Amino acid sequence: MEHIYIRYFIHAKNGRQKETMGEQNLKLKRKLVIQSFLPLFILIFIKYSDYRMISGICHFIRSLMQGEFSVINRIWNHPYLGPFAVTIASLACSLYSITAMCQFKSMQMSGFVDAGEKVVIEEEITDSGITFFMTFVLPLLLDDVETLKGFIIFTGILGLVIRLMWTTHLYYQNPILTLLGYRIYKFHFINPVIDGCKDKTMIAVCKTGIAEEKIVKWKYISDDVCLMYNKN
């Protein structure tokens, strides 16, 4: 079962309460994976859309309204069928990705751990967005998806990339996060409430920078990745 919020399991240890990491926030993780490909879907839509498609659609609808149902058989040989299908698919995926991006933003309003913890920043990761774009988005954009064979190959590769992101922590290398001003840090807790996390390197996705001298609030996603910000 997927959870919007994190579950924690409390147990006593030497008279002090400690917490262990709860279940993965799969819904939040999925939103990050989906929105990663928004630039790809938008660029594909721009690449294959053509104003002449609108004229063709109007002609198709007008023919149907006039009872010329034979036009349905003719569309399978129409030269704009492939680009039209790709345009519609990329538009739908773009809208879905934008929805996921908005939902990701709304899911940052609650469910954070506030236990007086502080962190040490080991490294700020500054090139993750551009690396992801150049490695995954740009090669897919160069593929020809107008033909059935090309579309099947493109879909297969995209599916493999999404699966790779899901089974690893590559989803935090998100170009949309970079464009929205998020910052990525490697860090470890100074005074963790989580068992075994004192010297463990984790990844923080932050809307603003993190000040080490201030207390942090955080929300676990998956694979040692969490959302984090400084408590005011």
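In this predicted model, isoleucine 61 is partly exposed, because its relative accessibility is 43%, between the limits of 20% and 50%. Two elements give two or more residues to the patch, namely helix H3 (51–65) and H5. H3 gives the most, with 3 residues.

Glycine 56 is also found in helix H3. At 35% relative accessibility, glycine 56 counts as partly exposed. The C-alpha atom of glycine 56 is separated by 10.0 Å from that of leucine 81, a residue 25 positions away along the chain.

Helix H5 (81–106) also takes part in the second largest pocket, where H5, strand E6 (202–206) and strand E8 (225–230) each supply at least two lining residues. The largest share of this lining, 4 residues, comes from H5. The pocket holds about 280 Å³ of space and is lined by 15 residues. Lys105, Gln108, Met109, Tyr182 and Lys207 lie nearest the pocket centre. By class, the lining consists of 12 nonpolar, 1 polar and 2 charged residues.

A search of the whole structure finds 5 salt bridges. In one of them, lysine 29 pairs with aspartate 223, and the closest N and O atoms are 3.1 Å apart. This pair links distant parts of the chain, with lysine 29 in helix H1 (residues 26–35) and aspartate 223 in the loop between E7 and E8, 194 residues apart. The two partners fall into separate accessibility classes: lysine 29 counts as buried at 3% relative accessibility, whereas aspartate 223 counts as partly exposed at 28%.

A salt bridge also joins the side chains of lysine 186 and glutamate 123, with an N to O distance of 4.0 Å. Here the link runs between two strands, since lysine 186 is in strand E5 (residues 183–189) and glutamate 123 is in strand E4 (residues 119–125), 63 residues apart. Lysine 186 is partly exposed, with a relative accessible area of 30%, and glutamate 123 counts as partly exposed at 40% relative accessibility.

Lysine 200 forms a salt bridge with aspartate 224, in which the closest N and O atoms are 2.9 Å apart.

Most residues other than glycine have a negative phi. Aspartate 223, in the loop between strand E7 (216–222) and E8, has a positive phi of about 55° although it is not a glycine. Aspartate 224, which is placed in the loop between E7 and E8, also has a positive phi, of about 60°, and is not a glycine either.

How values were computed:
Residues are numbered from 1 along each chain as its sequence is written. This is a predicted model: local features need pLDDT of at least 70, side-chain atom pairs count only at pLDDT 80 or more; totals for chains, interfaces and linings use all residues. Side-chain values use heavy atoms; hydrogens and water are left out. On a 1 Å grid over the protein atoms alone, a cavity is a set of points where a 1.4 Å probe fits but cannot get out, and a pocket is an open set with protein on both sides within 12 Å along at least five of seven lines; lining residues have an atom within 4 Å of a point. Grid points are joined across faces, edges and corners, and a volume is the space filled by probe spheres set on the points. Ala, Val, Leu, Ile, Met, Phe, Trp, Tyr, Cys and Pro count as nonpolar, Asp, Glu, Lys and Arg as charged, and the others, Gly among them, as polar. Buried means under 20% relative accessible area, exposed over 50%, partly exposed in between (1.4 Å probe, protein chains only).
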